[in-house]
Amino acid sequence: MNNQEIISDIIKNASKAHLNLSSDELITKAIERNEGIITDQGALAADTGEFTGRSPKDKFTVCDAKTENTVWWGPVNTKFDETKFDALLNKVLAHFGNKELFIRDAFACANPKYRLDIKVVTESAYQNLFAKNLFLRPESNDNQTEWIILAAPSFRANPAEDGTRQHNFSIINFTKKIILIGGSGYTGEIKKGIFTVLNYILPQERGVLSMHCSANIGKAGDTAVFFGLSGTGKTTLSADPERQLIGDDEHGWDEESVFNFEGGCYAKCIDLTEEKEPQIWHAIKHGALVENVRFYPNSNKVNYEDVSVTENTRVAYPIEHIEGIAVPSMGKAPKNIFFLTCDAYGVLPPISKLTVEQAMYHFISGYTSKVAGTEAGITEPQSTFSACFGQAFLPLHPTKYADLLGKKLSDNQDVKVWLLNTGWSGGGYGVGSRMKLSLTRAMLTAALNGELDNIEFTQHPVFGVLIPTTCPNVPDEILNPRNTWADKNEYDKAVNALADKFNENFKKFEDGASSAILSAAPKAVVSVV
């Protein structure tokens, strides 16, 4: 069967199939089915069940003639037998029989040249509301059935028979264009499944760089792109009232444009307040979906500090809930690219400029650090590396994306790449202090406005990046991190230790990296004068 025939059979065999329900209808259905309640802000609150986050060890890719020699097989991409997939697909289709189901037409990629039509089939109304909010919404319901997502949280696999690791699974079949999700009601599996698909199709087949980043547009029409792992400030820094938001998470970059893959946002809610994140706070209203939150006693008021279910509380809302967005969700090719890191060791400059080779190296590295208190068991800073700032969603080898980035930077000589450290200054965690957001914003603004274009830079002796000697509205003494440490010898030890961590992490990418990329690695020194 082709995918259109699969959808037709699902509709025919369901006890009831709801096609493209409105947000109001989906919310009403969710409440009728005891899937959630309405919060005091007007959003639907639902629990995702056993899984409150993605399950990376249960993510598989079908290994066949198309993928065998193209996918980056290993810990990130686990092979799944195509015969086992077909058998499991038939089981899920049988499981859907005589059930009330929700089917949605959607698409990905705001640039129509790359539009990916999707049909999403879910067992739950809240899952379908998520798909409506996160994907782009077609103006009519005549979508082609190209990719299909089948989400069956109440289906439990038999690992011994089905070839899965345990009862839950998320499997991508690039040849048949099917994403099969079972045993988990966590909606992020739906979103990241399509992101993984685009991370394969666009670079491999279309020459488009797929990016795990946020992006916005200035009043002069200049596009800025922000890469960064959790806790680095990606969402906060890209939310600028002076600039239009293209999107907050997933984008493509072709010869002429940066375009959003999505039609909504999936933001973390932990410790959310109106003061800290006003855009997200005000986006939580009728039509939004909050997941796995808890409430103040005897009320429907969400307690965003309550992480008794999970620290990964989330809200999914259509991008139209944000004021000042770009319509459509596209901009020109970027003028500035920011790699955000929260360096808890306090050794990286608060802002520095990268060469093309350094940009490729840091892109592959995807560095930040976790600090004590962010996760159970972390008592001191821990370095974290995630290739291309989204390793979990890369079906191709990271150097494929880095090479494409390098080509685009070489073809667009006026693009500037910055490393922006939102972490510690004057010492590491517990000794120094975190960089003030106001100073980070001042450095970001200076870079965006071209105020750093004609000033003097000095080269960092270990990482080789270029440090501005002055920056508007920022004290000169904080720009070079070594100057902020009371004990310069301790700084030298700390920066060398971080360089060693970078080099150790990069060993697994050396075989696929060019000599130019390898030359951009940090070079530890005994002492810095």
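Visitor: What volume does the largest cavity have?
Guide: In this predicted model, the volume of the largest cavity is about 90 Å³. A cavity is a set of points, on a 1 Å grid over the protein atoms alone, where a 1.4 Å probe fits but cannot get out. The volume is the space filled by probe spheres set on the points.

Visitor: How many cavities of 30 Å³ or more are there?
Guide: The structure holds four.

Visitor: Which elements give two or more residues to the lining of the largest cavity?
Guide: They are helix H7 (234-238), strand S16 (264-268) and helix H8 (278-283). Helices (H or I, at least four residues) and strands (E, at least two) are DSSP runs, numbered from the N terminus. Lining residues have an atom within 4 Å of a point, and among them are Thr-235, Cys-265 and Gln-279.

Visitor: On to helices H9 and H10. At what angle do their axes cross?
Guide: The axes of H9 (residues 356-365) and H10 (residues 398-411) cross at roughly 150° and come within 9 Å. Axes are lines fitted to C-alpha atoms over the stretch in contact, with angles from 0 to 180 degrees between N-to-C directions. H9 is therefore roughly antiparallel to H10 (angles over 145 degrees count as such).

Visitor: Which residues make the contact?
Guide: Contact means heavy atoms within 4.5 Å. Those involved include Phe-363 of H9 and Leu-405 of H10.

Visitor: How should I read the numbering and values?
Guide: Residues are numbered from 1 along each chain as its sequence is written, and side-chain values use heavy atoms, without hydrogens and water. Local features need pLDDT of at least 70 and side-chain atom pairs count only at pLDDT 80 or more, while totals for chains, interfaces and linings use all residues.

Notes: On a 1 Å grid over the protein atoms alone, a cavity is a set of points where a 1.4 Å probe fits but cannot get out, and a pocket is an open set with protein on both sides within 12 Å along at least five of seven lines; lining residues have an atom within 4 Å of a point. Angles under 35 degrees count as roughly parallel, over 145 as roughly antiparallel, 65 to 115 as roughly perpendicular and the rest as oblique.
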